[in-house]
Amino acid sequence: MSYDPTQLSTWKKLSAHKTHIEALHLRDLFAEDAQRGPRFSASAAGLDLDYSKNRITDETLAELMALAREAGLPQAIEGMFRGDVINRSENRPALHIALRNRSNHPIKVGDEDITATVNETLARMRAFAESVHSGEFAGYTGKKLRTIVNIGIGGSFLGPKVVSDALKPYWQDGYDLQYIANIDGTDVTETCRHLDPETTLFVVASKSFGTLETLKNAQAARDWFLRQGGKPEDVKHHFVAVSTNVKAATEFGIDEANMFPMWDWVGGRYSLWSAIGLAQSIVLGFDVFEQLLSGAHAMDEHFRTTGLEHNLPVIMGVLGVWYHNFFGAETQAVLTYDETLKDLPNHLQQVDMESNGKRVTQDGRPVQWSTGPVIWGGTGTNGQHAYHQLLHQGTRLIPADFIMPLTSHNPVDDHHQWLFANFLGQQQAMLEGKTEAEVIAELTAKGMSESDARALAPQKVIPGNRPCNTLTFETLTPQTLGALIALYEHKVFVQGVIWGVNSFDQWGVELGKVLGNSVFDALSSGNTDGYDSSTAVLIKRFRDTQQNS
């Protein structure tokens, strides 16, 4: 019988239970239980999760955990850490956890223990980073390489950029890190404009050395380097690769000794922990990069060994299912009250939406239930002056995760205190709202007539009862960042198990690439046979514009 979560007994119980929860307001739940905040809290790997501001009771949580068990989550967790083939459509395990296996306990792919392979690559990364720092690996004129440029897209860009931005206080003195991802020529042009060719190192991150955007940008960067005075034989001093395609990389001009491997059992969106993090490990220093791995490993161990009721990824995962499938919440907001985490929502969009944006189950049957919410967000307090209006008074239910360190790397007067005040104030507004009676009392106290106050009141009523999670940590360190990213990776896995989808393939992404190649040929030839009329007209318009420019 095909897996269908909606037919599980716990799913049916939760459907009935939702009617009871809908009648309750978070204001009342807090008023009835003075210990609700501490009771609905959990901690792990330096992170503290307060999930008390969710529309749940003890019964709700018990049923959600029962759903996870009935869906086979404990067995699925064991299977992932054991190296089972859980990415069935590609016949692979999903072992990003092996990349940060700091305990070195054996993890196997088939009969091979991959722990030694991972450690060997990490040792090579350390040696290379240190050779850049010492000047042993230098530019073609002998100058130290001071600017590192990461050329990659998707998982070779989004996660690594979060790491380098968030850990800016830990950068090695005198180093800079830039990124080139988009195939829009503006990206590579503007990035290279201010570079010194004698002191710049390009890290080309592409497992196949054939990803269109990455290869084109790498070629453009090499062309720039040659125009600036470098010679073809100098390319090896300024370009290294994270790739398994040795032939293509060496033909490009990269020394085989400066190529670092990737493995099929690591998906791109989970690869920042691997040699894909080479550029970051140079700028941060490898000790800091290892601390990042240690933080992620601590979350892995928490996820693997902790009971479901106290397990942070499980708690966040089932709460997401609760709102998405039972309340019809189509989106999830991630609100980071730390400027250095501004790109975290972008990374989580890929981790979540590329993983669980699926329309069929593991066995290929169309799903009859919703999967994969839209992930979006940004930084506080910027968002408070923009889209928070929709959170508070819009017609959609949008659960939100609020994330903030308790101390700042950059204390300025009372800025951080004000930031934390807003952090909590927005959550209080989502929880409590403001009733019509409260609005009228407030307006009349300021001298407005009661009739005018009653007329204005509907515009100012805020319903509250909007759910959110609160994630805090003492300081944004490499360890806490590693734990934070791993937390969301595992949360996505939890939801994929419950929904019965493969969280580790991305065939929709592959189709777009194939069709893009076909359109490129048509743009060159002008042959639009077989294309729909819209595409054909746009191809012709582009060709005409290019020819006339």
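Trainee: Is Trp263 buried or exposed?

Mentor: This is a predicted model, and in it Trp263 has a relative accessible area of 14%. Buried means under 20%, so Trp263 is buried.

Trainee: How does Trp265 count, at 9% relative accessibility?

Mentor: Apply the cut-off again: Trp265, at 9%, counts as buried.

Trainee: How is a pair of aromatic rings described?

Mentor: Two things are given: the distance of the centres and the angle of the planes. Take the rings of Trp263 and Trp265, with centres 4.9 Å apart and planes at 5°. Planes under 30 degrees apart count as stacked, so this pair is stacked.

Trainee: What kind of pair do Trp376 and Tyr387 make?

Mentor: Their ring centres are 5.0 Å apart and their planes stand at 80°. Over 60 degrees counts as edge-to-face, so Trp376 and Tyr387 form an edge-to-face pair. The pair links distant parts of the chain, 11 residues apart. Trp376 is in strand E11 (residues 374-379), and Tyr387 is in the loop between E11 and helix H16 (388-393).

Trainee: How do Trp376 and Tyr387 count by accessibility?

Mentor: Trp376 has 19% relative accessibility and counts as buried. Tyr387 has a relative accessible area of 24%, so Tyr387 is partly exposed.

Trainee: What else is in the loop between E11 and H16?

Mentor: Thr381 has its place there. A cis peptide bond joins Gly380 and Thr381, with omega about 10°.

Trainee: How many aromatic pairs are there?

Mentor: The count comes to 25 aromatic pairs. Some ring pairs link up into a cluster, made of Tyr140, Phe202, Phe209, Trp224, Phe225, Phe239 and Phe252.

Trainee: What is the phi of Asp413?

Mentor: It is near 45°, again positive in a residue other than glycine. Asp413 is in the loop between strand E12 (400-405) and helix H17 (415-432). At 77% relative accessibility, Asp413 counts as exposed, whereas Phe209 is buried.

Trainee: Where are Lys207 and Asp264?

Mentor: Lys207 is in the loop between strand E7 (200-205) and helix H10 (212-227), and Asp264 is in the loop between strand E9 (259-260) and helix H12 (278-284). They are 57 residues apart, yet their side chains meet in a salt bridge of 3.9 Å, N to O. The cut-off for a salt bridge is within 4 Å, so this pair counts. Lys207 is partly exposed at 28%, and Asp264 is partly exposed at 46%.

Trainee: What is the N to O distance for Glu442 and Lys434?

Mentor: Their side chains meet in a salt bridge at 2.9 Å. Glu442 counts as partly exposed at 27% relative accessibility, and Lys434 is partly exposed with a relative accessible area of 28%.

Trainee: Which residues are linked in a network of salt bridges?

Mentor: The network consists of Arg102, Arg126, Glu130, Asp287 and Glu290.

Trainee: Which ring does Arg100 lie over?

Mentor: Arg100 lies over the face of Trp273, at 4.6 Å from the ring centre. Likewise, Arg36 lies over the face of Phe30, at 5.4 Å from the ring centre.

Trainee: What is Asp300 in contact with?

Mentor: Leaving aside its neighbours within four places in sequence, Asp300 is in contact with Phe81, Ile97, Arg100, Ala486 and His490. Asp300 is in helix H13 (residues 286-305), and at 1% relative accessibility it counts as buried.

How values were computed. Residues numbered from 1 in each chain as written. Predicted model: local features only at pLDDT ≥ 70, side-chain atom pairs only at ≥ 80, totals over all residues. Heavy atoms only, no water. Helix = DSSP H or I, 4+ residues; strand = E, 2+ residues; numbered from the N terminus. Buried < 20%, exposed > 50% of the residue type's maximum accessible area, 1.4 Å probe, protein only. Contact = heavy atoms within 4.5 Å. Phe/Tyr/Trp six-rings, centres within 6.5 Å; stacked < 30°, edge-to-face > 60°. Lys NZ or Arg CZ within 6 Å of the ring centre and 35° of its normal.
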